[in-house]
Structures are given as C-alpha cells and as structure tokens.
Amino acid sequence: MTTNTIDDQEVAKFEAMAEEWWDETGKFKPLHMMNPVRLDYITRQIAAEYNRDLGADKPFAGLRILDIGCGGGLLCEPMARLGADVVGVDAAPRNIPVAQIHAEQSGLTIDYRHGTAEAMAAAGEQFDVVLNMEVVEHVADPLGFLTACQQLLKPGGLHLCSTINRNPKSFAMAIVGAEWVMRWLPKGTHDWNKFITPDELFDLLKNAGLTPVDRTGYVFNFLAFTWSTSPDDLSVNYVTAATKPA
Amino acid sequence: MDNPARAAICQGMEQTDIIIVGGGLNGPVLALAAAQSGLRVTIIDAITPDTHRARDFDGRSYAIALGSMRLLRGVGVWDALKGDAQPMLDIKVTDGRAGEGASPWMMHFDHAEIEEGPMGWLVEDRHLRAALLDAVAAQDRINHMTGRKVVAQLALGGKVEVTLDDGEVLSARLLVGCDGRSSGVAQRAGIKRTGWDYGQTAIVCAVAHELPHNGIAHQFFMPGGPLAILPLTGNRSSIVWSEQSRRAKEVLALDDGAFLEALKPAFGSFLGDITLVGQRFSYPLGLTLADSLIAPRVALVGDAAHGIHPIAGQGLNAGLRDVAALAQVLEDTKMRGEDIGSVIALERYQVWRRFDATRLAIATDTFNRLFSNDNPVLRGLRDMGMGVINAVPGLRRRFIREAAGLNGDLPRLMR
C-alpha cells in the first residue's frame, strides 16, 4: 500500500470519514440506496460487452476499469471484488486516503489516485471500461471531459455515464425534493442549469468520438422506497452506455 | 497441514465467505445454496456426523411443504430423498373432543384444487440428514467442521471473527446463526428475544397401523392441544401430539403399551389397530422471536429468528423460507460485487422475511389459543369459521396454497 506517508492523526480523521462515506444510514444514504441499481446496470453492461458470466467467480478478471469521481470507493470496491483491476480517481484529494483505508479494511487492492480524467488521458493511460457516474453535470466543459474519457478507453472499450435530465420534473425531484425537502443532498450540490438531457448527452458522446449503444432510466419508487431501472422513464436520473470504435 | 482452512489462515487470507453456526437442517441447506452461488462456506456443527447418521428410523420426520421441496430440489438433495418421501395429498382438519369423535364441522383441503401437485411430503429425519450430509461432503466450497462449538464472536469493520472451543479463530464476511431457539449467535450479537411458554409439550412419535392412510394428513384440535397425524411411507404415520405439559409428563412416563392406550382415544380407530415404531420425543412448546433478524455481519435463520408453535407444521418450512430468501439476497449481492455482510445487504433479508415470520408466529399463536380449550363459545365460533372456510373455494384454495408454502413473495429457489 502507498498510504504510509500520512501520520496517525490524519489516519484517524480519514477513518472517521471512511465510516461516513460507508455509513449506509448517514449522509451518503441516497448514494447507498441507489448503488444496487447502478451496480445492476454496470455489471450487466460489462458482462454483455466482454462476454462474462456474472455467476462465475471473479467474472471481471483481466479487465482494467477506471472509476472517475470515485469518492469513498462505492463502485471501485464491487468492481475489485468481481476481479477487475481497478483504478479510482478523484479530484478531491481527501477522498483518496478515505477510499484506501476502506479498501484495506475490506481486504481489496485498488489503485486510488488524486487527479483528473484529463491529466490521466494526457499521461496515456488506457482502460477496458470507464465508469463516469454522476460527474458530467459537475464539470465546466462536458465535451472536453468526455473527450478525455474517450481517450482513456482502449479501442472497443466501454464507457458508462450517468447524469440527471434537465426538465421541470428533474428540478422538482433532484433540486426541490432531494436537496430542499428530503435533505438527501446538501443544498447547492446540483445546479439545475448544468443538467443534461439524454439527447444532448448522446450528441456530446458522439462528438467526443464514442458510439452510444444504450440509455436507461433510474426511477425512485416512493412507496417501496427503492430505485429500479426503466427503459422508458429517463425523466430524472438516467445512465448511458457507449463504446469506443475498435 | 491437512486442513485447507488452516493453511489459508497461515497465508493471511480469508478462508471462507460465510460461517454458518448449526449443522441441523437449515444450516446445511443454506450452505448448499450459497455454495451454488460461488460462495465459500464453513459450517460449525456441535454434533459429530456419526450422531447425525443414525441408521434406523427413530420416530422423527418432517412435513416438507411444496415450496420447501423445490428448495431441496434446487440445492440437489431431493433426488436422494424422493424415493423415501410420502406425498401429502389431502389435509383434513377436525375439531375433536376425546371420546366423542369428530364434530361435524371440518375442513378438507385436497391437493387436486391447486395445479402444482401435492401440498407437501413427509420425510424421515434420518433420510433428510443423510442426504444433506452427502451433498455437503460432495461440495468443494463447503468446509463442515463437526464436534466444534463457538465460544466467542466479534464483528470488526469488514469482517466477523469467530473463536471455537479449541481456540481456533475463523473469519468471514458474514456469520449466520442456524443454531435454534436459544441461538448463541443471537445472544453474542446482543439480539434480545420476545416470547412466552405455551404450557404445552409436543410429543412426537410414529405409529404403524393396519389400514392405509391414502396420503391424508389429519389435524384434530383437542382441548389439550392439537394432534397431527401425518402420513409416512407404507402403513405408518407420524404423530405430533401437543398436550398440557402436566398431562404430557404423565403420558411420557408410561410404558409403550400404556402410552398407546392413552393416545387411542384422540387418535380414533379409523386406521385400525396401531403400534409404536421408533422412540418417543418431547419438546416444550413456546414462542420465541428475535427482536431483529440481523446485527452487524450477522443474520439469523429459522428457529434462531422465530421459534413458533408446531400447530400447522410450519416451523421447518418457515426456516427454509428464510434460507431461500437469504440465499437469494446473498447471490444478488455477490453478483453485484457488493459486500455480502454489509448492513445494506442484510437489511434486504430482514425487510423480506420479518413481516412473514411475525405474521406466522401470530397466526400459530392465535390458532393455538383459539383451539386448545373446551370453551363452548369458542368451540362454536371456530367450528363456524371452519365451516365457512371449507364452503368457500377461494378461501379453501388460499389455505391449501398456504399449507403448500406457495403464498407471499416467494424466493426464486421456491418458485
């Protein structure tokens, strides 16, 4: 491990933060609630693209996966558990030791780095799969960012990208509902103006040199209080799959 | 170093994904289902395999509902059992009173009213245990540790550590308590229990009889408690006789001949002359519900989670439903790459099973209170209720499906 350059006090602080990231009832609860449906989509898309059997032991062995905006490692750890060789990158430096400590507690080896997609692309790194979840609505230049993601893929690689639609319903749900009423997210987490419609995202992906192959909605059911996927309802949260031409 | 589990400890690796405490029935079935999903399982079994493999019929048997049969088939043990299993084609429920014969009010549940087949099968304990032991031994992903007990457990961050009576320490991502009504796993996890005694004792035995039973199961509601007569292969039946504990003690003290004489007034003469086969067993009856089915890195299954009255023969079947639900949650969790022992995974199991298990506990408790007495008013009420259920096909079919274990949100392994 490469965590040994930080002192004990720092480690204690990061352990507390690791607990917060991974506390399924704490402030990251909305992410934990959404995680199963995100993982269902991600695992099935990767399995379909690379002909893997999800029932097998370590089905993603031999695949190199990059998670952009990895946070505490909520997606990196499942990918590593499924056998992938995982790199997690986050622009927020303090997330890196948090994620490292938790991976160590979980007995997983994951390469966490502080940095950006653009810098990694410039360094010439290549992956079979790039996970780009709930990031594109936060960046200043979506096309430049997606182009960097495209460069990070090997030819024939798979790019999975989720974001939030821009319409009155998404304003009501993602801003008023999630931030103001339910307080699932801190106020100001999202700027509605930066939300992207599925058609806009498809155009951006094409302009970045990728071939969109699928789009699916994530729908929150208030009665069951769980998320599910929907092929038709992309009105708020949705995810896309795109491939890099071989 | 003949034990691969120990070799793994030396290498500093987690040698197993799940530790199951309890080698009875639910434990091995869960182990087989989880191993099929690619998980590595260690069973800690206090009993030695020789004790499990008693060859002669000892009088104990189980009513395996249709849903439970599907689970046993799914984990690959049903083929070894089905030749020795007696299908239950019909259930007759009668409000009885010793010496007076059956009341005219009764319920009759015939498997022909549902499409799926018999409502269940009677399987002898010795056959079920042998089939499970063979299947467990044949599964590479299961390590069956026998004659060992757990003395301590500790949930830490990403794993749970279990200390055995000989000092060996095992670790896994999840610890499952299949260790019965006085579950040590639940106690050590600080899970409290709620429950009460029924003041009744179940006397379990088997009889051979002159006349064929035709695959019909009988339930007589006697003032001291329900009496179930369940068809075994050949001209034999299994008896589950619930009695006031004081009376049960007297009856159990009798020699075999006097015991049969005591049984006969309730049993009646419809199967001709009866003789005892195997031993007599007795179990004090009580209700015991764990306040939670889960704790950090811990899940409870079967009687460890909910010990109920045997009135409808649903105890084992409810446990197997826990097994099927937990196995499905674990498989889905594993396929997503999630941590199988995380709170979020265990919550899925608890949300799924808790309501059903509590509902069953309340239903059996209520039935027992309603029927185990000689109060003329209650007697009139329950007889009328039975008459109504028996007369309305939709209601009747609902009960048949309930007995077959087909109601509710069925796990994949029971569909």
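Author: Here is a walk through those marked residues, followed by a quick look at the surroundings. Keep in mind that this is a predicted model.

Let's start with the record. The UniProt entry, which is unreviewed, puts the annotation "binding site" on A:R38, A:G69, A:D90 and A:M133. Such annotations may be inferred rather than shown by experiment.

Take A:G69 to begin with. You'll find A:G69 in the loop between β1 (64-68) and α3 of chain A. Is A:G69 buried or exposed? A residue counts as buried once 20 or more other C-beta atoms lie within 10 Å of its own, and A:G69 has 21 of them within 10 Å, so A:G69 is buried. Now look at what A:G69 touches, skipping residues up to four places away in sequence: the list is A:D90, A:M133 and A:V135. Two names there, A:D90 and A:M133, also carry the "binding site" annotation.

Next comes A:M133, which belongs to strand β4 (residues 127-133) of chain A. A:M133 counts as buried because there are 23 C-beta neighbours inside 10 Å. Leaving aside neighbours within four places in sequence, A:M133 is in contact with A:R38, A:G69, A:L75 and A:S162. So what links the marked residues?

Now zoom out to where the two chains meet. Here, 16 residues of chain A are in contact with eleven residues of chain B. On the chain A side, the elements giving two or more residues are α2 (29-49) and α3 (76-81). Of these, α2(A) gives the most, with five residues. By type, the chain A side divides into six nonpolar, six polar and four charged residues.

Strand β10 (residues 159-164) of chain B is joined to β11(B) by four bridges, and B:E161 sits opposite B:S171 in β11(B).

Technical notes
Residues are numbered from 1 along each chain as its sequence is written. Chains are lettered from A and ligands numbered from 1 in the order in which they are written. This is a predicted model: local features need pLDDT of at least 70, side-chain atom pairs count only at pLDDT 80 or more; totals for chains, interfaces and linings use all residues. Two residues are in contact if their C-beta atoms, placed from the backbone, lie within 7 Å. Ala, Val, Leu, Ile, Met, Phe, Trp, Tyr, Cys and Pro count as nonpolar, Asp, Glu, Lys and Arg as charged, and the others, Gly among them, as polar. A residue is buried if 20 or more other C-beta atoms lie within 10 Å of its own, exposed if 12 or fewer, and partly exposed in between; C-beta atoms are placed from the backbone. Two strands pair if DSSP finds at least two bridges between them.
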